[in-house]
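I opened my notebook today to look around a protein, one feature at a time. Come along and check each entry against the picture.

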Amino acid sequence: MSPDQLLAEPQTALPTLRSAVTGLPSYVPGRRSLGADIAALASNESHYEPLPAATAAVTEAASRMNRYPDMAAVELRERIARHLGVTPAEVAVGPGSVGVLQQIITGLCDAGDEVVFAWRSFEAYPILVELAGARPVRVPLDDAEGHDLDAMAAAVTGRTKVILLCTPNNPTGVPISHDRLEAFLQSVRSDVLVVIDEAYVEYANAGSGPDFLALYRRHPNVCILRTFSKAYGLAGLRVGYAITTAAIAEGLRRTALPFAVSALAQKAAIASLDAGEEMAARVSAVKQERARMAAELEAQGWKLQPSQGNFLWIRADGQLLATLVDAFDAAGILVRAYAGDGVRITVAEPASNNRVLRLLAAHAA
């Protein structure tokens, strides 16, 4: 057929997206602040400016941003390995922990395989699972807003490839204790990868959650997922990592988008680890504010589960949820509402936190 004939033929068929894509729920990010009088408490970001050492590292690295970054992130992996007591071969990095999680699911799941996770939990979980053509298996939280590990174990089938455990859980803040997690791991098949998502672990009180390294050493099917976006304040640079067996880590590096973690992000992450004492002081201040807010809210009559993240969770639905969302909007306070479930409020500096406390006092039962 000649080019003229091709042009004359009616073109009725157009490219279409995969059904897995057209059916995906949209990830809903926290809303952005539009003014100086707006309290941005919707995204669990650090309210501190980046650590000075991280800013200096980015400034210095910016003069070489015409060059590609180290795709293997060797220096960063070595620094993470020293920080946590593992080997660089056991470390895989990516653009935020969610980027690494996408590598995990892509690397382990074929179409029709299953990924088990608690719900409600991190909203990206079902999106990444469905994008890979796998099947998300949501297990409701227990009455204490935490993971129902017995129900999760019962949900495992022969098609289960990955289990996702978020501790402290986002958005409820409830951690999984070490003993409960140890018992759960003993009940799970060794060929199922159990991903322990510790995006908020730096904010957790000592002993509230699991000893990840002990679990990982006893159970080679454990994978630890962490990020520099929260406590380290590098949300805008996108860098996270996994600790897993050398074989799995190598697979994650193969599934990674080439050069996904910029040179600026790698240098900033290394500098942030080196500034651990300063970061720890900031975390301590957030934890003090979290405790202060929780105590006052409970005195107001709000029923809270003890949060181990840099946020508080208020269970609300129906008219109460709508009322709270409208009140926060009117007050210029950006929070994260979850339809039918509740409101997550990031803990920030005292002035913003006091605005939250005043508002909730007016709506307490």
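Below are my entries, and I kept in mind throughout that this is a predicted model.

**Entry 1**

I began with the largest nonpolar core, which has 78 residues.

I then looked up the partners of isoleucine 80. Setting aside residues up to four places away in sequence, it touches Val91, Val93, Phe228, Tyr241, Ile243 and Leu273. I also noted a second, separate core of 24 residues, with Leu101, Tyr125, Leu164 and Cys223 among its members. A reminder to myself: in soluble globular proteins, nonpolar side chains tend to be buried together.

**Entry 1: helix 12**

Next I followed helix 12 from end to end. Its 25 residues reach 36 Å from the first C-alpha to the last, close to the 36 Å expected at 1.5 Å a residue. I listed its buried residues, including Met279, Val283, Val286, Arg290 and Leu297. What do the buried residues of helix 12 pack against? I found helix 3 (52-61), strand 9 (311-315) and helix 14 (350-361). Just after helix 12, glycine 301 takes a positive phi of about 115°.

Is helix 6 enclosed or open? I found that 7 of its 8 residues are buried, so helix 6 is largely enclosed by the rest of the structure. The buried ones are Ala124, Tyr125, Pro126, Ile127, Leu128, Val129 and Glu130. Their cover includes helix 2 (19-22), helix 5, strand 3 (114-119) and strand 4 (135-140).

I took a second look at the pairing with helix 5 (residues 96-108). Helix 5 and helix 6 pack at an angle of about 35°, their axes 9 Å apart, and their crossing is right-handed. From helix 5, Val98, Leu101, Gln102 and Ile105 meet Ala124, Tyr125, Leu128, Val129 and Leu131 of helix 6. Sorted by class, this contact has 8 nonpolar residues, 1 polar and no charged ones.

**Entry 2: arginine 77**

Is arginine 77 buried or exposed? This residue of helix 4 (residues 74-84) has 10% relative accessibility, so I put it down as buried, the cut-off being under 20%. Apart from neighbours within four places in sequence, arginine 77 is in contact with Ala72, Pro88, Ala89, Val91, Val93 and Arg253. The C-alpha atoms of arginine 77 and tyrosine 241 are separated by 8.6 Å, although the two are 164 residues apart along the chain.

I finished with the backbone angles. Which peptide bonds did I note as cis? One runs from tryptophan 119 to arginine 120, with omega near 20°, and arginine 120 sits in the loop between strand 3 and helix 6. Another runs from threonine 167 to proline 168, with omega near -5°. Proline 168 belongs to the loop between strand 5 and helix 8 (178-187).

Alanine 73 has a positive phi of about 50° although it is not a glycine. I found it in the loop between helix 3 and helix 4, and at 0% relative accessibility it counts as buried. Arginine 238 also has a positive phi, near 65°, and lies in the loop between strand 7 (222-227) and strand 8 (240-243). At 32% relative accessibility, arginine 238 counts as partly exposed.

How values were computed
Residues numbered from 1 in each chain as written. Predicted model: local features only at pLDDT ≥ 70, side-chain atom pairs only at ≥ 80, totals over all residues. Heavy atoms only, no water. Axes fitted to C-alpha atoms, helices over the stretch in contact; angles between N-to-C directions. Helix = DSSP H or I, 4+ residues; strand = E, 2+ residues; numbered from the N terminus. Left-handed = near helix turned anticlockwise from the far one by under 90°. Contact = heavy atoms within 4.5 Å. Nonpolar A, V, L, I, M, F, W, Y, C, P; charged D, E, K, R; others polar. Core = buried A, V, L, I, M, F, W, Y, C linked by side-chain atoms within 4.5 Å. Buried < 20%, exposed > 50% of the residue type's maximum accessible area, 1.4 Å probe, protein only. Expected span 1.5 Å × (residues − 1).
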